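Here's a quick briefing to read alongside the structure. Have a look at the picture first, then work through the points below.

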Amino acid sequence: MVNSDKMTEGLIEELAFSEEDLALLAKARNTPISFDEDCPETTPERALKFRRVNPPRGSVGRRA
C-alpha cells in the first residue's frame, strides 16, 4: 500500500482512474465469463488432477 499522505495532489490525480476507465471496469464486471476451446471451463474431475507448480511458502526446507 502507498501512503497517500505523502503524495502530491497532482500525483494522486495522475494515478486515479478516469471516468472512461471506470466505465470499462463496470462493463467488464457485468460481462459474463465466456469459455472457448483454448480455455475450457474446469470440471471437478480436472480440478482434482490440478497440482501446484510452486510449493506453498514455508513448507520447503523446514526440518524439525
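Leu25 sits in helix α2. Its relative accessibility is 39%, so Leu25 counts as partly exposed, since that label covers values between 20% and 50%. Keep in mind that you're looking at a predicted model.

**Leu25 and its surroundings**
- Leu25 teams up with Phe17 and Leu22 in a nonpolar patch on the surface.

**Helix α2**
- Helix α2 covers residues 19–30.
- How many of the 12 residues of α2 are buried? The count is 0, so this helix is hardly covered.
- Do the sums on length and things fit: with 12 residues at 1.5 Å a residue, α2 should span 16 Å, and its end C-alpha atoms are 17 Å apart, which agrees.

- Arg52 lies in the segment that comes after α3, the helix at 44–49.
- Is Arg52 buried or exposed? Arg52 has a relative accessible area of 54%, so it counts as exposed, the cut-off being over 50%.
- A polar atom in the side chain of Arg52 lies 2.9 Å from the backbone oxygen of Asn54.

**The whole protein**
- You'll find 3 helices and 0 strands here, and from the N terminus on the order is α-α-α.
- The accessible surface comes to about 7,000 Å², and carbon and sulfur atoms account for 54% of that.

- The average pLDDT of the protein is 85, and 89% of the residues score at least 70.
- Which helix has the highest confidence? That's α2, with a mean of 96, while helix α1 (residues 9–15) is lowest, at 85.

How values were computed
Residues numbered from 1 in each chain as written. Predicted model: local features only at pLDDT ≥ 70, side-chain atom pairs only at ≥ 80, totals over all residues. Heavy atoms only, no water. Helix = DSSP H or I, 4+ residues; strand = E, 2+ residues; numbered from the N terminus. Areas by Shrake-Rupley, 256 points an atom, 1.4 Å probe, with all protein chains shown as cover. pLDDT = per-residue confidence, 0-100. Patch = residues over 30% accessible without salt bridge, like charges linked within 9 Å, V, L, I, M, F, W, Y side chains within 5 Å. Salt bridge = Lys/Arg side-chain N within 4 Å of Asp/Glu carboxyl O. Buried < 20%, exposed > 50% of the residue type's maximum accessible area, 1.4 Å probe, protein only. Polar contact = N/O pair within 3.5 Å; in protein donor to acceptor, adjacent residues only side chain to side chain. Expected span 1.5 Å × (residues − 1).
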